[in-house]
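Subject: Model handover and notes

Hello,

My notes come after it.

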Amino acid sequence: MQYMLLLNETAEEFAKRNDPAEAEAYWGGWNAFIGAMAQAGIIVKGDGLQGPQTATTVRLRDGKRAVQDGPFADNKEQLGGYFVIEVPDLDAALAWAVRAPSASYASVEVRPVLPPMAPPSA
Amino acid sequence: MSSARAAAKAAETAARTSYGRLLAILAARTRDIAASEDALSAAFLAALRTWPARGVPDNPDAWLVATARNHLKNAARHKGVAIEAAADLALLFDEGAVDEDADALPDDRLKLLFVCAHPAIDASVRTPLMLQTVLGLDAARIAAAFLVAPATMGQRLVRAKTKIKAAGLRFELPTQADMPTRLEDVLDAIYAAYGTSWDAVAGADGDAGARGLADEALYLSRLVVSLLPQAPEARGLLALILYCESRRAARRDAAGRFVPLKAQDARLWSRDMIVEAEGHLTAASRAGVFGRYQCEAAIQSVHAQRPITGQTNHAALRTLYGLLAQRCPSIGVLVAQAAALLDAGDADAAMAVLQRLAEADIRGYQPYWATLAAVHVARGQRGEAAAALHTAIGLTEDPAIRAFLAQSLES
């Protein structure tokens, strides 16, 4: 089955990305995690995301576009990246998710990917 | 008895005794508990219809599994077979004709128990899920024991089964490393089933929930021990439940009034259950690892010695509660520790334990207030005792216990 790991980050961790004193350790942790997944051959796709200060949220209401600076919800944790992985079951997905650096200070949400729709029956 | 009636009876017996085993076999391969339940029901119906006419098959369980699998395949075909279902189907066909004889039928109930008590399943629905899947209890009966509306319980069960299927929970035994915590979840869920027999015992006479789920909890507990004989905590839980059950007859007097442990007539205790409990606790202790259930069972074991030695070994209780409080400092354990200290004659130590508890934890916790009242009495603080007792009475659901507390308020 395919699962998406939604990797949440805290503001402090996002800040480390551009802090010369912290960046190496920060990216080192993530690269090790991603490298291990790649080595196991389970990555379907995935990316890191730029920080929530770069987010723009848009809604269409009564035909009018409402554009808002910032992420959808103002949470302590924000989405920092995602990976879709191919593993046999939820337990295996959780075993990978818990190895993400952010699991120990923020959180990782694990969701099964919707299976492809069945073709209309003939 | 006519052969037709005998056949119908065989079908009913199979339904009662094999339900969990057969459901586990089906669900472990499809991960779809709801569809497996439907298929198994259809198979039982088919048995009731065909066995009286054609005779009981040599291996009724294998017949039922094969029939249920056919039903699953047909149901999947009927739905137009989504790609996901096709994968399930492949699994089903894969299993092919493994169950030609009875010995080939595996016992997958342990896998099912671990799925029901999976950390990805909300803790409040784990016990109901076990009761329904392994024992075949209906939602209404479970709802009565847990004091919720049957429709609500039904929804929770459906949601949990959907999550198990959609999220793809593993129908396998946990790895060695995960085993202790995962087993703890299973045991906790079984113990929660046993807890209903204490909460609900108050219920009006004839109430389906009145007896709670004591027998079901005992059954599940025995099942885990039989499937995991090497796990000391599984035996610890079984011993604990047996000790508590051994005193059932002594817990109420003839008028239905609550009788505290200290005042119970030990002649009403079940010797057989106590002996069985001792056996499991001894076997568990050979592993030499601390466990919450073993410790709680050991505490009950001390109480069970009273009729033999003529007195309660308060020093042993103090040590065991100290150990338990140190490892599992839950509100329930700490209040019980305070009560044990009070019984040992150390009201000051009991008060010290109670005073360390957090305000938010004690507010609605009846045993805290009942114990606090008793500690105040022992320290000669009558005014404080009466106030605490009033709070305890206000928080009591069980009329028999309320009457017991009200009586001590008067004295």
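This is a predicted model: local features need pLDDT of at least 70, side-chain atom pairs count only at pLDDT 80 or more; totals for chains, interfaces and linings use all residues.

Residues are numbered from 1 along each chain as its sequence is written, chains are lettered from A and ligands numbered from 1 in the order in which they are written, and side-chain values use heavy atoms, with hydrogens and water left out.

Contact between the chains

Chain A brings 14 residues to the contact and chain B brings 13, where contact means heavy atoms within 4.5 Å. About 930 Å² is buried between the two chains, and carbon and sulfur atoms give 58% of that area. Buried area here is the accessible area (1.4 Å probe) that two parts lose on being put together, summed over both.

Seven residue pairs are in polar contact between chain B and chain A, both residues being at pLDDT 80 or more. A polar contact is a pair of N or O atoms within 3.5 Å; within protein, one must be able to donate a hydrogen and the other to accept it, and residues adjacent in sequence count only if both atoms are side-chain atoms. On the side of chain B that touches chain A, helix H4 (83–95) and helix H8 (150–167) each supply at least two residues. Helices are DSSP runs (H or I, at least four residues), numbered from the N terminus. The residues on that side of chain B divide into seven nonpolar, two polar and four charged.

A:Asp91 and B:Arg182 form a salt bridge, with their closest N and O atoms 3.6 Å apart.

Helix H13 of chain B (residues 292–304) has 13 residues and reaches 18 Å from its first C-alpha to its last, close to the 18 Å expected. The expected span is 1.5 Å times one less than the number of residues. Twelve of the 13 residues of H13(B) are buried, including B:Tyr293, B:Glu296 and B:His303. Buried means under 20% relative accessible area, exposed over 50%, and partly exposed in between (1.4 Å probe, protein chains only).

B:Gln366 lies in helix H19 (residues 366–378) of chain B and is buried at 16%. Leaving aside neighbours within four places in sequence, B:Gln366 is in contact with B:Ala392, B:Leu395, B:Thr396, B:Ile401 and B:Leu405.

Salt bridges

The count over all chains is 21 salt bridges. B:Asp108 and B:Arg29 form one, at 2.8 Å between the closest N and O atoms. B:Asp108 lies in the loop between H4 and helix H5 (109–116) and B:Arg29 in helix H1 (residues 3–30), so the pair ties together parts of chain B 79 residues apart in sequence. B:Asp108 is buried at 3% relative accessibility, and B:Arg29 is buried at 16%.

B:Asp188 forms a salt bridge with B:Arg292, the closest N and O atoms being 3.4 Å apart. This pair links helix H9 (residues 179–199) with helix H13 of chain B, its residues being 104 apart.

Definitions and conventions:
A salt bridge is a side-chain nitrogen of Lys or Arg within 4 Å of a carboxyl oxygen of Asp or Glu. Ala, Val, Leu, Ile, Met, Phe, Trp, Tyr, Cys and Pro count as nonpolar, Asp, Glu, Lys and Arg as charged, and the others, Gly among them, as polar.
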